[in-house]
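Subject: Structure for you to look at

Hello,

Here is the structure I said I would pass on.

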Amino acid sequence: MFKRFGLLIATNLAVLALVSIVMAIFGINPSSYGGLFVFAALFGFGGAFFTLAISKWSAKRATGAYVIKEPRDESERWLVNTVRRQAEQAGIGMPEVAIYDAPEINAFATGANRNNALVAVSTGLLRSMTRDEAEAVLGHEVAHVANGDMVTMTLLQGVLNTFVIFLARVVGRAIDGYLNGGRDNGGGGIAYFAIVFVLDMIFGLFASMIAMWFSRYREFRADEGGAALAGREKMIAALERLAQTYGQSTMPKTIAAFGISGGVGTGLKKLLMSHPPLDERISALRNAPPSRDSVRQGIVA
């Protein structure tokens, strides 16, 4: 936990330092509204893309995933061959294939682009699923890669970060000015920073709701992709099998949104869940129209 927290702090400080240097070089004044927006965009997108750039490395470290270089047994050989076949069907580069130790049924995909990705499965999945079910899960993860979900999520997060940073400080200046009798002190007081901190939390909550809505949407698309690659009944059977450990996860929160199985929530918490309920995903697959002739089109459309 402390390592992840330290990495987060170090990442933010590195991005902040880089943004400050770039703005100083180009003479951009962060106290003006235009300069503030540039700062927000650089910091918002910079942090998001830096996280994407190190996503494979951080995922391997966080889960202790073992990347299969040379298959050690028939099971690993089947995993690699299945991912290779599905990657060719989907029209993407061969991802790295890994196994990580976890008791629950889960898997994830991450990576900076469609041709440089990582697909990993848990030991719990290998113990509990049939080959047909595991094939569907792999298809789901390959579909995430083929759909470019990691990059799309990063772009969305960059936009949301930008507006959270910018709006919190614009509104903070307005409130701080009102509390100071209409005097604009440039947002440098303690009250201003306290107001901005609170606004960052509030706007950040709404931004998270938007990001998680998209995350839930992409899970439906990845299920359709898994069905196109492995077969609809296999995908449905895999989701039904996931119910055995549904809501349980030892996956680090930094990559939990990329897993095939998410948490359980109701009310407001449901709006912050990265995955839709399994019964909704199964129902969507059962009611989906027949698959298209082209597997590749069926994934990326």
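This is a predicted model: local features need pLDDT of at least 70, side-chain atom pairs count only at pLDDT 80 or more; totals for chains, interfaces and linings use all residues.

Cores. The largest nonpolar core contains 51 residues, and Leu79, Phe108, Leu125 and Met235 have the most contacts inside it. The biggest contribution is that of α6, with seven residues. Apart from neighbours within four places in sequence, Leu79 is in contact with Ile68, Val97, Ile99, Val121, Leu126 and Leu138. There is also a second, separate core of seven residues, including Leu160, Ala211, Met212 and Phe214.

Strand β2. Four of the five residues of β2 are buried. This strand pairs with β4 in the parallel sense over five bridges, and Glu96 stands opposite Leu118 in β4. With β1 (residues 66-67), β2 pairs in the antiparallel sense over two bridges; here Tyr66 has Ile99 of β2 as its bridge partner.

Ser274. This residue lies in the loop between α9 and α10. Is Ser274 buried or exposed? Its relative accessible area is 12%, which is under the 20% cut-off, so Ser274 counts as buried. Leaving aside neighbours within four places in sequence, Ser274 is in contact with Met212, Ser215, Arg216, Glu219, Ala256 and Ala257. The side chains of Ser274 and His275 are joined by a polar contact of 2.7 Å.

Regards

Methods:
Residues are numbered from 1 along each chain as its sequence is written. Side-chain values use heavy atoms; hydrogens and water are left out. A nonpolar core is a set of buried Ala, Val, Leu, Ile, Met, Phe, Trp, Tyr and Cys residues joined through side-chain atoms within 4.5 Å. Buried means under 20% relative accessible area, exposed over 50%, partly exposed in between (1.4 Å probe, protein chains only). Contact means heavy atoms within 4.5 Å. A polar contact is a pair of N or O atoms within 3.5 Å; within protein, one must be able to donate a hydrogen and the other to accept it, and residues adjacent in sequence count only if both atoms are side-chain atoms. Two strands pair if DSSP finds at least two bridges between them.
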